[in-house]
Amino acid sequence: MIELRTERLLLRQWRETDLEPWAAMNADPEVREFFPEVLTAEQSAASLAYFRTELAERGWGWWAVEAAATGEFLGFAGLDPVDEEMPFTGVEIGWRLARPAWGHGYASEAARAVLAFGFDTLDLSEILAITAAGNLRSRAVMERIGMTRDPAEDFDDPTVPEGPLRASVLYRVLR
């Protein structure tokens with residue numbers, strides 16, 4: 001099982017003990033501000049099981065993120081193939097952190113480790129990032145880690161219901 005380490009973080013396989021903080025994070029309307037809905041405990045459990053399976057089978061995917069010094073669950077970060085419904089293909093990077101973990105640079109730190117893994121280990125030539133157009137916090141992380149956006153590639157996310165969250169932006173970074 002591949003784990004990624006940074007100065008302050010461990011990106012690792014999911015554990016059963018992650019379920020409670022993961023479900024709480026997904027039930028937080030502020031964390032889910034740029035998603036169509038908060039998740040139920042059952043939906044969170046299903047996503048955790050899916051992430052575990054993908055990591056075990058593929059060796060990479062959406063890792064749980066914990067504070068290396070304390071073992072505290074902070075959220076997730078990783079890579080995944082772009083959904084088939086999207087108007088482009090590739091591998092996307094993503095992250096989501098519990099609110100107490102915001103503002104400490106953890107998202108950028110985790111994302112840099114994930115980018116290095118994608119380029120150095122998976123030999124990817126490009127990594128994408130997708131978010132709702134209004135998600136300025138995630139867009140700032142994308143820019144901090146060296147990603148760029150071409151406004152001509154902005155799109156309406158077909159996996160999101162009609163409404164203000166459908167307008168999305170695409171960022172890219174080349175090796």
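1. Arg5 is exposed, because its relative accessibility is 61%. Please keep in mind that this is a predicted model. The salt-bridge partner of Arg5 is Glu3, with 3.6 Å between the closest N and O atoms. Glu3 has a relative accessibility of 38%, so it counts as partly exposed.

2. Which residue forms a salt bridge with Glu109? The partner is Arg8, and the closest N and O atoms are 2.6 Å apart. Glu109 belongs to helix 3 (residues 106–121), while Arg8 is in the loop between strand 1 (4–5) and strand 2, so this contact ties together parts that are 101 residues apart in sequence. Is each partner buried or exposed? Glu109 is buried, since its relative accessible area is 14%. Arg8, at 30% relative accessibility, counts as partly exposed.

3. Asp123 and Arg175 make another salt bridge, with 2.4 Å between the closest N and O atoms. Asp123 sits in the loop between helix 3 and strand 6 (126–132), and Arg175 is in the segment after strand 9 (167–174), so the pair ties together parts 52 residues apart in sequence. Asp123 counts as exposed at 51% relative accessibility, and Arg175 counts as exposed at 53%. With the cut-off for exposed at over 50%, I would read both labels alongside their percentages.

4. Some salt bridges share partners: Arg12, Arg15, Asp18 and Glu66 are joined into one network in this way. For the structure as a whole, the count comes to 16 salt bridges.

5. Arg139 is located in helix 4 (residues 136–144). Arg139 is buried yet has no salt bridge. Which side chain of opposite charge is nearest to Arg139? That is Glu143, 5.1 Å away, whereas a salt bridge requires the nitrogen and oxygen to be within 4 Å. Leaving aside residues up to four places away in sequence, Arg139 touches Thr131, Ala132, Ala133, Arg149, Val169 and Tyr171.

6. On to the rings. How many aromatic pairs does a search of the whole structure find? The search finds 11. One of them is the tilted pair of Trp14 and Phe73, at 5.7 Å centre to centre with 50° between the planes. Trp14 is in the loop between strand 2 (9–12) and helix 1 (19–26), and Phe73 is in strand 4 (residues 73–81), so the pair ties together parts 59 residues apart in sequence. Trp14 counts as buried at 2% relative accessibility, and Phe73 is buried with a relative accessible area of 11%.

7. Phe88 and Phe155 form an edge-to-face pair, because their planes are at 80°, with the ring centres 5.1 Å apart. Phe88 lies in the loop between strand 4 and strand 5 (91–97) and Phe155 in strand 8 (residues 155–156), so here the parts tied together are 67 residues apart in sequence. Phe88 is buried, with a relative accessible area of 12%. Phe155 counts as buried at 10%.

8. Trp14 and Phe73 also belong to one aromatic cluster, formed by Trp14, Trp22, Tyr50, Phe51, Trp62, Phe73 and Phe76. Two arginines are placed over rings elsewhere in the model. The charged end of Arg32 sits over the ring of Phe35, 4.3 Å from its centre. Arg58 lies over the face of Trp60, at 4.0 Å from the ring centre.

9. Finally, strand 5. Of its 7 residues, 7 are buried, so strand 5 is largely enclosed by the rest of the structure. In a regular strand the side chains alternate between the two faces of the sheet. Here Val91, Ile93, Trp95 and Leu97 point one way, and Glu92, Gly94 and Arg96 the other way. Strand 4 and strand 5 run antiparallel and are joined by 7 bridges. Phe76, a member of the aromatic cluster, stands opposite Arg96 in strand 5.

Note on methods:
Residues numbered from 1 in each chain as written. Predicted model: local features only at pLDDT ≥ 70, side-chain atom pairs only at ≥ 80, totals over all residues. Heavy atoms only, no water. Phe/Tyr/Trp six-rings, centres within 6.5 Å; stacked < 30°, edge-to-face > 60°. Helix = DSSP H or I, 4+ residues; strand = E, 2+ residues; numbered from the N terminus. Buried < 20%, exposed > 50% of the residue type's maximum accessible area, 1.4 Å probe, protein only. Lys NZ or Arg CZ within 6 Å of the ring centre and 35° of its normal. Pairing = 2+ DSSP bridges. Lys, Arg positive; Asp, Glu negative; His and termini not counted. Contact = heavy atoms within 4.5 Å.
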